[in-house]
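Please look over the fold below before reading on. The report starts with the terms, then moves from the whole chain to single residues.

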Amino acid sequence: MSQALLTVVSGTLCVSSAAQDYPTKPVRFVVPQVPGGATDVFARAMGQRLSDRWGRNVLVENRFGAGGNLGTELVAKSPADGYTLLVTYAGSQAVNQSLYPKLAFDSVKDFQTVATIAVTPFLLIVNNSVPAKTLKELIALARAKPELLSYASSGNGSVNHLLGEMLKVDAGIRMRHIPYKGVAPAILDVMAGQVDLAFTSVPSVIQHVASGRMRVIAVTSAQRVSVAPTVPTIAESGLGNLAGFDVNPWWGILAPAGTDMRIVRKVNTDANDVLKTKDLQDFLKAQGADVLLTTPEEFHKLLVADVAKWSKVVRASGARID
């Protein structure tokens, strides 16, 4: 056997062994959003349980900034060995491709989809001093006094922002957009009355809502959520243009493109197994989330479809970040 062939065979055996024994060292979950938000909550819940399953630490690292692009780029340019994974959601991975014209990565081509975690809708929250108690009353108030109401977001082009723009267009109202650097300060200012309302993921605000520090008047998914069964959907508003309103983003795990598919499938299998446990399902349900089980191939199709869907929303909103 020639030396060149020996080298190829040896390299193949090493890759196969690495995939079979994975993981042999700590795994890093990079979260491109701030601590305390839904992505961070889900990443830590998954990381803890996968760590127990693997007998290796899963380290969660928040690398936020630039609308999620800093952490996402870090993973895109990391070694494709399965030890640096991205935990993110549709709001970054599917939206930013259309929002930022000069991304240093491609949201689809530079990543290998691994496993989905959950889907959870956003809640429309309002400061307790806002007189509107229902979405219909809120829309009536906005129509009577254009530009009076303000809505917060975690930044220009974020899902929070785009949801506000979708509501404005579909309901035919005008509101002032107040962008923040992250969802946490946006929520705090809604509670403090500095801003009137915001769209936020369920895990980000469910504790504040339960404590009575703010009110929820609508949910963005097509169906009501079990954690807040009395809160109507936006589609239930009775307004024709809002009848089909349905936004229920996914959260998931991705790897750099080129990662060995044996590693990808192992992570997918193990992630799906822990997602099937009552412990994790109960935890996610308490966060207003529903478990989403997919294969890597199914996740890829979902990502591609969402990139196309959100590109239409971005174009319609006119949002653009240079």
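Buried means under 20% relative accessible area, exposed means over 50%, and partly exposed lies in between (1.4 Å probe, protein chains only). Helices (H or I, at least four residues) and strands (E, at least two) are DSSP runs, numbered from the N terminus. This is a predicted model, in which local features need pLDDT of at least 70, side-chain atom pairs count only at pLDDT 80 or more, and totals for chains, interfaces and linings use all residues. Residues are numbered from 1 along each chain as its sequence is written, and side-chain values use heavy atoms, with hydrogens and water left out.

**The chain as a whole**

The chain has 12 helices and 11 strands. Its radius of gyration is 21 Å, close to the 20 Å that the globule rule gives for 322 residues, so the chain is as compact as a globular protein of that length. That radius is taken over C-alpha atoms, and the rule is 2.2 Å times the number of residues to the power 0.38. Along the principal axes, the C-alpha atoms fill a box of roughly 85 × 40 × 30 Å. Of the 322 residues, 54% are buried. A contact means heavy atoms within 4.5 Å. Among contacts with a separation of 6 or more, 79% join residues 24 or more positions apart. The accessible surface comes to about 14,000 Å², and carbon and sulfur atoms hold 54% of that surface. Areas come from the Shrake-Rupley method with a 1.4 Å probe; for residues, only the protein chains shown count as cover.

**The sheet and strand S3**

Six strands form an open sheet with mixed pairing, in the order S2-S1-S3-S10-S4-S11. Strand S2 (58-62) and strand S11 (290-291) stand at the edges with a single partner strand each, so one side of each has no neighbour in the sheet. Two strands count as paired if DSSP finds at least two bridges between them. Strands of a sheet pair through backbone hydrogen bonds, either parallel or antiparallel.

| Partner of S3 | Sense | Bridges |
|---|---|---|
| Strand S1 (residues 27-31) | parallel | 3 bridges |
| Strand S10 (residues 250-256) | antiparallel | 4 bridges |

Val30 stands opposite Leu86, and in S10 the bridge partner of Leu86 is Leu254.

How many residues of strand S3 (residues 84-89) are buried? The count is 6 of the 6, so the strand is largely enclosed by the rest of the structure. Both faces are covered: Thr84, Leu86 and Thr88 are buried on one side, and Leu85, Val87 and Tyr89 on the other. Thr88 has a relative accessible area of 0%. Beyond neighbours within four places in sequence, Thr88 is in contact with residues including Pro32, Thr39, Trp250, Trp251 and Leu254.

**Helix H3**

In helix H3 (residues 69-76), 6 of the 8 residues are buried, so H3 is also largely enclosed by the rest of the structure. They are Asn69, Gly71, Thr72, Leu74, Val75 and Ala76. These buried residues pack against S1, S3, S10, strand S4 (111-119), helix H4 (90-93) and helix H5 (96-99).

**The nonpolar cores**

A nonpolar core is a set of buried Ala, Val, Leu, Ile, Met, Phe, Trp, Tyr and Cys residues joined through side-chain atoms within 4.5 Å. The largest has 87 residues, and those touching the most other members are Phe29, Met46, Leu124, Leu135, Leu138, Leu167 and Trp310. Helix H2 (residues 38-54) gives the most to this core, with 8 residues. Another core, of 20 residues, lies apart from it and includes Val183, Val190, Ile206 and Val219.

**Two polar residues**

Ser221 sits in the loop between strand S9 (215-219) and S10. At 5% relative accessibility, Ser221 counts as buried. A polar atom of the Ser221 side chain lies 2.6 Å from the backbone oxygen of Gln223. Not counting residues up to four places away in sequence, Ser221 touches Pro121, Thr233, Phe245, Asp246, Val247 and Asn248.

Asp279 belongs to helix H11 (residues 278-286). At 47% relative accessibility, Asp279 counts as partly exposed. The Asp279 side chain makes a polar contact with the side chain of Arg49 (2.8 Å). Such a contact is a pair of N or O atoms within 3.5 Å; within protein, one must be able to donate a hydrogen and the other to accept it, and residues adjacent in sequence count only if both atoms are side-chain atoms.
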